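Dear colleague,

Please find the structure below.

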Amino acid sequence: MTEIVYRKMYTQLFNAVTDALEHMGRAEFYNAMAVLKKAQCETEETFILWEEGREED
């Protein structure tokens, strides 16, 4: 299970970096920042929910 969660978090962040780089290539720096911040929050939420689930076991 641990590997699956880390793989999901990696994918969330990697895809966001890819999207942010595309925005940066078009000089859309605010959009790039927004994509990265959203991914940061979503990935943190994934980790926290996983950690909470582990504590209940």
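The buried residues of α1 pack against α2, where contact means heavy atoms within 4.5 Å. In α1, the residues V5, M9, Q12, A16, A20 and H23 are buried. A residue is called buried under 20% relative accessible area, exposed over 50%, and partly exposed in between (1.4 Å probe, protein chains only). Helices (H or I, at least four residues) and strands (E, at least two) are DSSP runs, numbered from the N terminus.

Please note that this is a predicted model, in which local features need pLDDT of at least 70 and side-chain atom pairs count only at pLDDT 80 or more, while totals for chains, interfaces and linings use all residues. Residues are numbered from 1 along each chain as its sequence is written, and side-chain values use heavy atoms, with hydrogens and water left out.

**The helix α1**

The 24 residues of α1 should span 34 Å at 1.5 Å a residue, and the end C-alpha atoms of α1 are 35 Å apart, which agrees. The expected span of a helix is 1.5 Å times one less than its number of residues. Two glutamates give a sense of distance along the chain: E22 and E3 are 19 residues apart in sequence and 28 Å apart in space, C-alpha to C-alpha. E22 is placed in helix α1 and is partly exposed, with a relative accessible area of 44%. After α1 comes A27, whose phi is positive, near 60°.

**The aromatic residues**

The structure holds three aromatic pairs. Rings of Phe, Tyr and Trp (its six-membered ring) pair if their centres lie within 6.5 Å; planes under 30 degrees apart count as stacked, over 60 as edge-to-face and the rest as tilted. One of the pairs is formed by Y6 and W50, which are edge-to-face, at 5.7 Å centre to centre with 70° between the planes. This pair links distant parts of the chain, since Y6 lies in helix α1 and W50 in helix α2, 44 residues apart. Y6 is partly exposed, with a relative accessible area of 43%, whereas W50 counts as buried at 9% relative accessibility.

The rings of F47 and W50 have their centres 5.7 Å apart and their planes at 50°, so this pair is tilted. Both F47 and W50 lie in helix α2, three residues apart, about one turn of the helix. An α-helix has 3.6 residues a turn, so residues three or four places apart point the same way. F47 is partly exposed, with a relative accessible area of 30%. Together, Y6, F47 and W50 form one aromatic cluster.

**The salt bridges**

How many salt bridges does a search of the whole structure find? The search finds four. A salt bridge is a side-chain nitrogen of Lys or Arg within 4 Å of a carboxyl oxygen of Asp or Glu. Three of the bridges are described here.

- R7 and E3 meet through their side chains at 2.2 Å, N to O. Both lie in helix α1, four residues apart, about one turn of the helix. R7 is partly exposed at 48% relative accessible area, and E3 is exposed at 54%.
- R26 and E28 form a salt bridge at 3.3 Å, N to O. R26 is partly exposed, with a relative accessible area of 47%, and E28 counts as partly exposed at 26%.
- E42 and K38 form a salt bridge in which the closest N and O atoms are 3.8 Å apart. These two residues are four residues apart in helix α2, and are therefore separated by about one helical turn. E42 is partly exposed at 36% relative accessibility, whereas K38 is exposed at 53%.

**The nonpolar surface patch**

Finally, V17, L21, M24, F29 and L36 make a nonpolar surface patch of about 470 Å². Patches are made of residues with over 30% relative accessible area and no salt bridge, with like charges joined within 9 Å and nonpolar side chains (Val, Leu, Ile, Met, Phe, Trp, Tyr) within 5 Å. Accessible areas come from the Shrake-Rupley method with a 1.4 Å probe; for residues, only the protein chains shown count as cover. Both α1 (2-25) and α2 (29-56) supply at least two residues of the patch, and the largest share, three residues, comes from α1. F29 lies in helix α2 and is exposed, with a relative accessible area of 53%.

Yours sincerely
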